[in-house]
Amino acid sequence: MKKFISILSVLVLLPLFAVAQNDGGIVRADNSKFALTNAKIYTVTNGVIENGTIIINNGIIEAVGADINIPGDAQVIDYSGQEIYPGMIDSGTRLGLSEIGSISEANDFREFGEITPNMQALTAVNPNSVAIPVTRVSGVTSALTMPAGGPLPGTAATISLFGYTPDQMFAGSKGVVMNFPSSAQRGWRRRTPEQIEKAREKAQETINDAFDKAELYAKIKESDAARYYPEMEALAKVVNGEVLLYIEVNSAKDILSALEWIEERGYENVVLTGVAEGWRVADEIAEAGFPVITGPVLSTPTRGSDAYDMAYKNPGLMQKAGIKVALRTMDTENSRNLPYNAGFAATYGMGKEEALKAITINAAEIMGVGDQLGSIEVGKKANIFVSTGDPFQTSTKILDVFIDGYKIPMTSRHTELYDEFLNRTPGVNKNPTKVDG
Amino acid sequence: MIKISSFFILFLCVSALQAQTKKGDVLIKNGTVITITDGTLENTDVLVRNGKIDRIGKNLKTPNGVEEVDATGKFVMPGIIDAHSHIAGTSINEGTSQVTAEVSMEDVVDPLDVSIYRALAGGVTSIHLMHGSANVIGGQNETLKLRWGSTNPEDLRFEGAPRTIKFALGENPTRGGRSRGIQPQSRMGVEAMLRNTFNDAIKYRDAWNAYRSNKSSRKVAPEYSLRMETMVDILEGEVLVHCHSYRADEIYMLMKVFSDFGIKRLTFQHANEAYKVAPELAEFGASASVFADWWAYKLEVYYSTAYNAAILTENGVTTSINSDSGELIRHLFHEAAKTQKYGDLSDNQALALITLNPAKQLGIDNRVGSLEKGKDADIAIFDNHPLSIYAVPQMTFVDGVKYFDIENDVADQRIYIDPESTVEDVQILYANDHDRCMEDANVVNFTDLFNNK
C-alpha cells in the first residue's frame, strides 16, 4: 500500500516521468507556482494562522494568510489537517564538508595551518553529499557549515540544503570562525592542567598577534605599500565589521575571557558559539549583548558534579537571561535531529515558542539573513516544511519540504533502503521450489 | 569437572564478597502502567514487596509500613535496559591479542561513575557493560543493575544474569591487525580466526575429556587455559555472544560459523546493515541491538538506514535499541520513539526495544523487561508518555529501591568529595569527538593501543 501510494504520487506529480513506475525512477525537484492551502501555519514572527494559504512563486513567499486569492496557474496542494513551519536552520554543522567520519579523504573541514581564516567552507561543500537529502527530508532546510581546526580555521557559510553547486546553495551569510583559547578538556584525550594552560597561552598569543596584524592591515591595505595577504584580507573584514566573527568558547572562565577580549578589541559583529557553560555566566553575556549559538542540547554536562540535565537547560537559562539564542546539532549526518535538540531545550525550560525561534528566526537573524530566512513572511525565501503536527514530537512525520521555492523529493538514502528492504525479494530462499544445495 | 568446581569456588567467593543488596517496598498508585507484556493499564497500582512486583491492579490497599508514591497522571514503565554500554567501566579494551576471552569486565566496574546516576535519571535500571571492539574475540561483559551510591562494585552485579562475551567483526579488528602486522586484516581473516579458535576449543575440550576418561594413574593433564575454557563455554551455550558488527556480509558470515559449530544464541551489536539480511536473522533466531539513527561515522555504516530497527522488527527479529554512549543512555526512550518516525512502530513495539527485547538478548527476561507479578521491581516513572519528546523521567527504582527522584535531584552531584581535588575539569564533547564503540571508555585510543603508548 505504501509503495502504491509513493508510485501514485510520482505519477501524479511528474507525468513526464510516468516510466518511473519502476523503483529506479528519478523524482526531480519541482519549482512551479504553488498554493499550499488549508494548513495550520506557524509563521513564527506573526503568530499562528489556523486555516491559511501560502503562495510560493519564483522561490519567494508571495502571499500568506487566511484569506488569499489563489492564482489560476498555481499548483494547489491541500494540506488540510497538516501544519506548516518555516524550514529549520541548524546553526552549526559540517554538512557538505564531511561524508564519512573516519576517512580523512572524505573530510574537508580542516586545513593545514593555524591562521587560515581565508579557507572557504563554501568551496568544499559537496552539493551531492548523501547526508544532505537525509537532513532536509526531516525539515531542516538551511545550515551553517563550519571549518574546524586551529585558532582561526576558516570561514563558515550558511547554505540551503538544495542546489547543484555551492553557489546555488549559498544562503547569503559568511563568518570567520575563531576557536577561543580553551581551558577545557576537549574530546577523550586527557591533558594535564599544565599542558592545557600552556596550550591556552600559546593560542592566545597566536590570536592576539593575528588580530594586531589584521588591525594594522585594515588601516594600510588601501596604500600602495601593502602587499596582498589573504589571511589578513579575511581578518580585516572582521576588524571592519563587514563579516561575522563566530567565536567558539565553552567553559565559563573562557567565556568571560572572550567577552573581555572582544571589548578590548572593540569588535561588534560577533557571535558566541558553543557556550556550553553559558548558564553559569548568562548575565554577563546578556550584558555584553552578543547573541549565542549553542548546542548540541543533547550532550552530557561539562562537569562531573553538574546536575544531569544542565546541557538540556542551558539554552533556556540563557534565553531567560535575555540572550538571543540559536541552536545547533554540531553534527553532520544527524543534523536531522535538530528538532529534538530544540524539543529537549523546550522541555527543560525554554518553552516551545522560544525553542522554535531558536531554530528559525533567531538563527537567521544571528547570521544576518533575518530578512530572507527564518519565518513565513511575504518576500522571504520559500523555505518551509509541512508536517503531521508538532515538529519537536518524535513521532511527527514531515510530509513535504520546500527549499528556495522548490518542492523537494521526499526521498533519501535512508528511505530508499527502507523501501527496498522492508519486504526484501527474494527472502531467505532465492528459488523456493529447489532444494538448497 | 574442573570447570564446575572452579565455578563453585568462584560462586563461594562472590557470595562472600557480595553484601545483600537493598530490596524495597513501595506502592505506586494510580498511574498509567505500561506493562509491555500485558497492555497499558489506566489508573492502576503497582505493589512492590521486598524488591519484587507483588501485584498490579486497581485500588490496591497499602500494606502497613509501605511507602506510597502517587503516580496520578504519570506513566509507569519497566526500567530501561541498555544492551550496549561502556559507562561504569574503568577500562574497555584488552587489545593485546585478537582473542582475549579470558578477561572480564567484572574486574573493572566503577560504581562511582557519575554516568550511572545520569542513566538512572533517564529511566535506565540495567546495563550491559561491554568489552570494546578492538579484537575479534574480546573479553567477557558484565550485566549490571544501577544500584547507585555503593562503593562496592559487587553491589552492581546483576546476580544470576547469564555470562556474555564480546566478539567484533569488520573495520575495528582488521584495523588492529593492520596496525600490528598480524591477522586479521580483512573480513576473510576474521572468519578464519573465528573458525580456528573454535576448532582449537574443540581440541582443548576433547583433550580434557580424554584426560578425564583416562583411567591410567600415570595420565598427564593438558595445559589449563582460561581463554579456552571460555571458548568451550561458548560452544556449550553457557556464554552468550554479543557481536560488534555492521555489514550484512559479516553478519551473515557469523551466522554460518555459528551454525557450523552448533551455537544457537547470538546477538548482533550495532548491526547497521542487519536490515539487509533480516530474513536470515529471523530464520537463524539471531537478534540485533542497534542504534536508532547513527550512521556515516565510518565506511561500514555509510549504507545505513534509520529504518533498521523497524525493518528488523517487521521481519520478526528480536531487536533492541542501545546507546553505546554516556550521552544517549540518558534518553533511550527518545531513541526508541524514533522508530515511530522511521517505520511506524506501535507504542508497545517501540518501548519493547528498550525493555523486554534487550532483556531477552541478555537472558534476563525472566527477571526484568516488563511489569509482571514476580519480576524484579525495576521501574521508571515519567510525567508524560515516555515516547513523547516532552517526557521527563521522575523516579527510577531498582529492586523497589528508589535511586533517582527528580524532587531530590541536587545541583552538585558529588557524593564522595575528594578533599585533595582542586579545580574540576571542564570537558567539552561533540558528536564528532565520539569514537563510538570507545565512547566513555577512558582508555587510550586505537593508535596508541597498538603502538604500546
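User: Before we start, how are residues and chains labelled, and which pLDDT limits apply?

Analyst: Residues count from 1 along each chain as its sequence is written, while chains are lettered from A and ligands numbered from 1 in the order in which they are written. Since the model is predicted, local features need pLDDT of at least 70 and side-chain atom pairs count only at pLDDT 80 or more, but totals for chains, interfaces and linings use all residues.

User: Let's take chain A as a whole. How many helices and strands has chain A?

Analyst: Helices (H or I, at least four residues) and strands (E, at least two) are DSSP runs, numbered from the N terminus. Chain A has 13 helices and 17 strands. Its C-alpha atoms fill a box of roughly 70 × 70 × 55 Å along the principal axes.

User: And why is chain A called as compact as a globular protein of that length?

Analyst: You compare two numbers. The radius of gyration is taken over C-alpha atoms, and the globule rule is 2.2 Å times the number of residues to the power 0.38. For the 437 residues of chain A the rule gives 22 Å and the model has 24 Å, which is close, so chain A is as compact as a globular protein of that length.

User: What share of chain A is buried?

Analyst: A residue is buried if 20 or more other C-beta atoms lie within 10 Å of its own, exposed if 12 or fewer, and partly exposed in between, with C-beta atoms placed from the backbone. In chain A, 52% of the 437 residues count as buried.

User: Now the backbone. Which peptide bonds in chain A are cis?

Analyst: The general idea: most peptide bonds are trans, and most residues other than glycine have a negative phi. Here, a cis bond joins A:G295 and A:P296, with omega about 0°. A:P296 sits in the loop between β13 (292–294) and α9 (310–320) of chain A. Another cis bond runs from A:T425 to A:P426, omega near 0°, and A:P426 lies in the segment after α13 (413–421) of chain A.

User: You mentioned phi. Where is B:A88, and what is its phi?

Analyst: B:A88 has a positive phi near 65° without being a glycine. It lies in the loop between β6 (80–85) and α2 (114–120) of chain B, and it is buried, with 26 other C-beta atoms within 10 Å. B:D399 also isn't a glycine and has a positive phi of about 50°. Look for B:D399 in the loop between β15 (393–398) and β16 (401–405) of chain B; it is buried too, with 22 other C-beta atoms within 10 Å.

User: Which residues of α4(B) are buried?

Analyst: An α-helix has 3.6 residues a turn, so residues three or four places apart point the same way. In α4(B) the buried ones are B:V190, B:M193, B:L194, B:F198 and B:A201. Their cover includes α3 (171–180), α5 (226–235) and α6 (248–261) of chain B.

User: Last one: how many residues of chain B are in contact with chain A?

Analyst: Contact means C-beta atoms, placed from the backbone, within 7 Å. By that test, 51 residues of chain B touch 45 residues of chain A. On the chain B side, α9(B) supplies the largest share, five residues. There is strand pairing as well (DSSP must find at least two bridges): two bridges join β10 (residues 185–186) of chain A to β17(B), running parallel, and A:R186 stands opposite B:I428.

How values were computed
Contact = placed C-beta atoms within 7 Å.
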